[in-house]
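This note sets out several points for a colleague meeting the structure below. Please read each point beside the displayed model.

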Protein chains: 2
Amino acid sequence: MVKISDVSARAGVSPGAVSRVLSGDPTLRVSEETRERVLSAARDLSYVPNHAARALRTSRSSNLALIVPDVTSAVFAELARGAEEQAGMRDLTIVLARAEQLDTDSSWLRRVVGEGRIDGVILQVPDSAPESSIEALVDRDVPVVLINSMSGGPVSSLVLDDAAGIRVAVDHLHSLGHHSIGFVGGSSRSATGRRRLRGFIDAIDALGMETRDEWMTDVGYSGAEGRQAVTELLSRSTLPTGLVVANLNAALGVLAEIHARDLRVPGDISIVALHDVWYADATWPPMTTVKMPLRELGSEAVSLLLDQKADSPPEHRVIRAPAPELVVRSSTSVPTKRVTG
Amino acid sequence: MVKISDVSARAGVSPGAVSRVLSGDPTLRVSEETRERVLSAARDLSYVPNHAARALRTSRSSNLALIVPDVTSAVFAELARGAEEQAGMRDLTIVLARAEQLDTDSSWLRRVVGEGRIDGVILQVPDSAPESSIEALVDRDVPVVLINSMSGGPVSSLVLDDAAGIRVAVDHLHSLGHHSIGFVGGSSRSATGRRRLRGFIDAIDALGMETRDEWMTDVGYSGAEGRQAVTELLSRSTLPTGLVVANLNAALGVLAEIHARDLRVPGDISIVALHDVWYADATWPPMTTVKMPLRELGSEAVSLLLDQKADSPPEHRVIRAPAPELVVRSSTSVPTKRVTG
DNA sequence: ATCCTACATTAAATCGATTTACCACGTCAA
DNA sequence: TTGACGTGGTAAATCGATTTAATGTAGGAT
């Protein structure tokens with residue numbers, strides 16, 4: 001491996017000078033000619049600074065940890081891509097970890113952070129997780145950005161504008177002529193779930209429609225829970241003609257259970273799901289969705305982490321751009337008949 | 001941050017001694033009593049060795065790069081989990097990257113490797129990728145393990161026993177009474193695709209059934225390509241009663257297109273897909289699959305990477321354990337009628 | 001001739017752990 | 001007494017880049 005002293009030797013200057021030229025130190029005064037010599041020497045030898053040495057000296061590892069509950073989720077994939085892009089631009093690297101490790105082996109994070117391997121943490125706690133597990137991270141000596149979890153509190157956070165997304169979904173159904181619209185959101189035990197429910201109710205109100213408890217469920221985001229949601233809805237008196245599902249994983253389950261009951265989408269019920277991911281048009285029927293700025297969420301998380309000075313107060317941002325966008329496929333249509341459960 | 005000299009001071013020994021005690025250097029001779037003092041000093045101060053310093057000295061970063069074509073794929077998720085687990089056990093960290101970056105910015109890998117940030121690479125090239133892009137990595141100065149791509153060649157590789165998985169699928173359909181079985185595999189332009197096709201033909205042969213070209217397609221793994229596969233099958237004379245789909249993403253598309261044609265699964269056609277991932281039972285109907293040892297593939301990749309000495313010849317392993325396992329759901333049944341396209 | 005800037009660069013300390021080579025001390029045999 | 005050996009460590013170099021404080025030199029002003 002070619003090192004800085006090789007470059008400096010070739011350019012006929014000191015290693016210090018090379019370092020300063022290469023990093024563009026503004027306090028350094030060099031003749032244009034020397035600068036050129038250094039630059040071309042570095043190029044000729046294709047010099048790449050050793051990361052460990054730099055990290056040791058500067059005590060920054062240029063590694064960020066991305067901790068998510070579930071790598072499987074398509075939501076994660078988009079998020080990761082955004083984070084990665086932004087990280088790439090800033091010469092950072094993303095280290096992958098499951099939130100699971102936080103529980104089973106909470107020492108993991110402590111250790112990696114203690115070792116100085118991680119400069120910052122992007123954390124998406126499972127909705128199900130007790131908020132106390134977050135607290136455990138607060139006094140840690142790395143900046144943390146919480147994603148899609150609580151807003152407020154001592155840790156910086158970033159959330160999507162779920163309410164806006166849900167509004168788009170509701171508007172769509174309304175404009176098709178639906179007047180009874182149901183909601184399959186996350187559990188109201190989680191902050192996210194409550195935020196979404198609130199968004200739904202507001203959207204319905206704004207259009208002068210009514211919400212009915214029997215049209216709403218209080219389950220999680222998995223496929224199985226989506227199925228369960230439909231079972232619950234059907235066990236009640238009437239079914240709404242339209243359904244907003246706050247998560248595409250759950251929407252798969254919803255779809256499966258609806259089919260299992262021999263109902264038709266969108267014939268018997270129209271469905272709009274939040275988050276536009278690849279398999280939205282591989283379902284049957286292809287699903288109408290609301291595309292949320294997940295990628296931007298990821299990249300913004302990286303930015304926030306880095307722009308955050310050590311002692312600055314936590315920031316809480318809402319990602320609003322680009323605005324949630326309706327992607328019409330085949331799971332929605334004008335309402336036809338109403339089904340009784 | 002507490003450093004090694006703090007520990008050594010507290011224990012009344014030299015830093016060198018602490019290092020050697022902590023790393024269990026067998027050539028060090030210490031009295032049991034001194035060892036205890038060192039250990040407890042480290043514990044009391046909750047000493048964690050600085051990673052950068054260690055990396056600088058030992059020139060190993062303890063970082064592995066996991067490069068995949070698509071973080072979205074459920075296959076990736078399982079793989080990543082396996083890799084992560086194994087990495088965790090060995091005190092390594094997994095760095096995430098998209099294979100995309102290899103094309104758009106092939107300097108990325110060069111740079112990170114040059115910086116010494118990466119000790120090894122687990123690489124899953126897209127089936128579509130030219131094999132030349134692999135070559136570009138061969139002479140790099142890090143060990144590389146290729147996943148699910150070519151076998152043989154100068155780079156170590158790891159593949160699943162696809163043939164065995166397909167055999168399980170074919171056996172299942174055969175034992176249900178199917179005699180006309182079709183295949184939606186990967187493109188025959190990729191080594192993986194060819195391997196799978198071979199496995200399929202062998203499995204059919206072994207059971208004394210016949211394969212027909214009109215029952216086989218030659219498309220990729222995406223949902224869209226799965227739809228296209230069905231369109232092609234239907235454009236031909238007869239449809240088989242059973243279908244083996246070599247990938248669950250494609251299977252979603254297959255399912256969607258079948259529904260779109262108003263055919264019934266498993267009434268008109270039974271489907272078995274390779275890879276058992278979470279949404280297999282969130283589809284309609286829930287899909288019968290063959291569970292492949294993806295997790296083991298991931299963990300084995302890490303092991304192979306590390307066990308590989310610098311100058312040892314490349315190894316090519318096939319992951320056979322645990323054996324492919326049939327997961328019966330609702331997309332398969334005894335054959336009823338045969339549909340003409 | 002002397003002092004003062006401004007300029008262009010360098011020397012050397014530093015980050016923290018690892019590792020090789022060496023040392024001091026005691027004991028035991030010849 | 002000497003030398004060989006075992007015991008229980010230590011000193012110091014090293015990994016490679018960064019950064020602070022210092023240094024030599026030329027030119028201009030007094």
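**Notes on DNA strand D and a helix pair**

1. DNA strand D is surrounded by 22 residues, the closest being Ile4(A), Arg57(A), Arg29(B), Ser31(B) and Thr34(B); a residue is near the strand if one of its heavy atoms lies within 4 Å of it. The model is predicted: local features need pLDDT of at least 70, side-chain atom pairs count only at pLDDT 80 or more, and totals for chains, interfaces and linings use all residues. Side-chain values use heavy atoms, without hydrogens and water.

2. An N or O atom in the side chain of Arg57(A) is 2.2 Å from a base oxygen, and a polar side-chain atom of Arg29(B) lies 2.9 Å from a base nitrogen.

3. The surface near DNA strand D divides into eight nonpolar, seven polar and seven charged residues. Here Ala, Val, Leu, Ile, Met, Phe, Trp, Tyr, Cys and Pro count as nonpolar, Asp, Glu, Lys and Arg as charged, and the others, Gly among them, as polar.

4. In chain B, helices α11 (residues 223–235) and α12 (residues 248–260) pack at about 45°, their axes 6 Å apart; axes are lines fitted to C-alpha atoms over the stretch in contact, and angles run from 0 to 180 degrees between N-to-C directions. Helices are DSSP runs (H or I) of at least four residues, numbered from the N terminus.

Note on methods
Residues numbered from 1 in each chain as written. Chains lettered and ligands numbered in written order. Polar contact = N/O pair within 3.5 Å; in protein donor to acceptor, adjacent residues only side chain to side chain. Helix = DSSP H or I, 4+ residues; strand = E, 2+ residues; numbered from the N terminus.
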